[in-house]
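Visitor: Could you give me a close look at the helix packing here, and then show me how it sits within the whole? I would enjoy one connected walk through it.

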Amino acid sequence: MTQALSLAGRTALVTGGARGIGKAIAETLAARGAKVAIADLRIDLAEETAKEVTNNFGVETISLEVDVADTASVKAMAKETIKAFGQVDILVNNAGITRDGLVMRMKEKDWDMVLDINLKGAFNCAQALSRPMMKARYGRIINITSVSGVVGQAGQANYSSSKAGLIGLTKALAKEFGSRNITVNAIAPGFIETVLTENLPEEIKEFSLKLTPLGKFGTPKDVANAVAFLAAEESSFITGVVLNVDGGMVM
Ligand SMILES: NC(=O)c1ccc[n+]([C@@H]2O[C@H](COP(=O)([O-])OP(=O)(O)OC[C@H]3O[C@@H](n4cnc5c(N)ncnc54)[C@H](O)[C@@H]3O)[C@@H](O)[C@H]2O)c1
């Protein structure tokens, strides 16, 4: 009998998989038996992470340099992954950045960059990898959005917009791909301790903690466990949902 929530025989690609939440996702999918492609702007870190994942979990991994905002770069990434693995069953659109600031002072380049990476990046990857998924009549696309995209956050007009857009993209793709047995879901993390959040001012951290009924910050592993669930065979009747992994911050 296969183990519950096993991903043995599956292949996954995690964007922004070199560190933080993406790395935890790569590790968790590997622990359940999936081969993992780690795609990141930082190829140095991606290579290290890929080696670590293979050593720790005994699965095949590859590392790829990609800028998800760049369509040509994403096409090359998809081609290379299919060449190495033959198929990508699970796509996790995790690469994301913040460039926070009040609207009055927000630079056009900071708006564009956040939208290009967080939203267009996910579109690029879904477009490049959905064709082979359609052919295989199997796929799991999981988009890492944020509670900031669900409720909006002052000082994050660009980030909240990109993450809200990602929720719209999730639902549109879920409808478009449903008949091909491809599910598309989003995960909205609350405050997770990573490089992205470590330099936030103390008062923002305290404020976030007060808003979290479970009274603690989340870990990358908390997000990764939810990804592994949505990536599994067992969640085959779940599509178009936004799963908050936020200690109850938004409900
Ligand atoms: N940390 C949190 O509290 C939190 C909360 C909600 C949502 N998220 C989301 O989770 C995801 C991961 O966040 P994290 O905290 O691990 O951040 P992180 O900065 O630690 O990791 C992001 C990774 O994405 C890569 N990346 C950045 N731009 C890229 C590009 N253009 N192409 C390819 N890779 C690129 C980075 O090199 C890095 O490895 C992001 O989408 C973020 O918005 C994080």
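Guide: Let us start with a term we will need: a crossing of two helices is right-handed if the near helix is turned clockwise from the far one by less than a right angle, and left-handed if it is turned anticlockwise. Please keep in mind that this is a predicted model.

With that in hand, take the pair α1 and α2. Helix α1 covers residues 20-31 and helix α2 covers residues 43-57; their axes come within 10 Å and cross at roughly 30 degrees. Angles under 35 degrees count as roughly parallel, so α1 is roughly parallel to α2. On the α1 side, the contact is made by Lys 23, Ala 26, Glu 27, Ala 30 and Ala 31, while α2 brings Thr 49, Val 53 and Phe 57. Sorted by class, the contact of α1 with α2 has five nonpolar residues, two charged ones and one polar one.

From α4 come Asp 110, Trp 111, Val 114, Leu 115, Asn 118, Leu 119, Ala 122, Phe 123, Ala 126 and Ser 130. From α6 come Asn 158, Tyr 159, Ser 161, Ser 162, Lys 163, Gly 165, Leu 166, Leu 169, Leu 173 and Phe 177. By class, the contact of α4 with α6 holds 12 nonpolar, six polar and two charged residues.

Helix α4 has another partner to show you. Helix α3 (residues 71-85) packs against α4 at an angle of about 35 degrees, with the axes 9 Å apart. The crossing in which α3 passes α4 is right-handed. In this contact, Thr 71, Val 74, Lys 75, Ala 78 and Ile 82 of α3 meet Asn 124, Cys 125, Ala 128, Leu 129 and Pro 132 of α4. Seven of the residues in the contact of α3 with α4 are nonpolar, two are polar and one is charged.

Thr 170 lies in helix α6. Thr 170 counts as buried because it has 24 C-beta neighbours inside 10 Å. Leaving out residues up to four places away in sequence, Thr 170 touches Asn 143, Val 184, Asn 185, Ala 186 and Gly 240. Asn 143 is 27 residues away along the chain, yet its C-alpha atom is separated from that of Thr 170 by 7.1 Å.

For a residue in another setting, look at Ser 73 in helix α3. Ser 73 has 18 C-beta neighbours inside 10 Å and therefore counts as partly exposed. Beyond its neighbours within four places in sequence, Ser 73 is in contact with Val 66 and Asp 67. Gly 215, 142 residues apart from Ser 73 along the chain, has its C-alpha atom 41 Å from that of Ser 73.

The backbone deserves a glance too. Most residues other than glycine have a negative phi. Past the end of α6, in the loop between α6 and β6 (182-189), sits Asn 181, which has a positive phi of about 65 degrees although it is not a glycine. Asn 181 counts as partly exposed, with 15 C-beta neighbours inside 10 Å. Leu 5, also not a glycine, has a positive phi of about 60 degrees and is found in the segment before β1 (11-15).

Finally, step back to the whole. The protein chain has nine helices and seven strands. Its C-alpha atoms fill a box of roughly 50 × 40 × 40 Å along the principal axes. A compact globule of 251 residues would have a radius of gyration near 18 Å, and the 17 Å of the protein chain agrees with that. Of those 251 residues, 45% count as buried. Among contacts between residues at least 6 apart in sequence, 73% join residues at least 24 apart.

Notes:
Residues numbered from 1 in each chain as written. Predicted model: local features only at pLDDT ≥ 70, side-chain atom pairs only at ≥ 80, totals over all residues. Helix = DSSP H or I, 4+ residues; strand = E, 2+ residues; numbered from the N terminus. Rg over C-alpha atoms; globule rule 2.2 N^0.38 Å. Buried ≥ 20, exposed ≤ 12 C-beta atoms within 10 Å, placed from the backbone. Contact = placed C-beta atoms within 7 Å. Axes fitted to C-alpha atoms, helices over the stretch in contact; angles between N-to-C directions. Parallel < 35°, antiparallel > 145°, perpendicular 65-115°, else oblique. Nonpolar A, V, L, I, M, F, W, Y, C, P; charged D, E, K, R; others polar.
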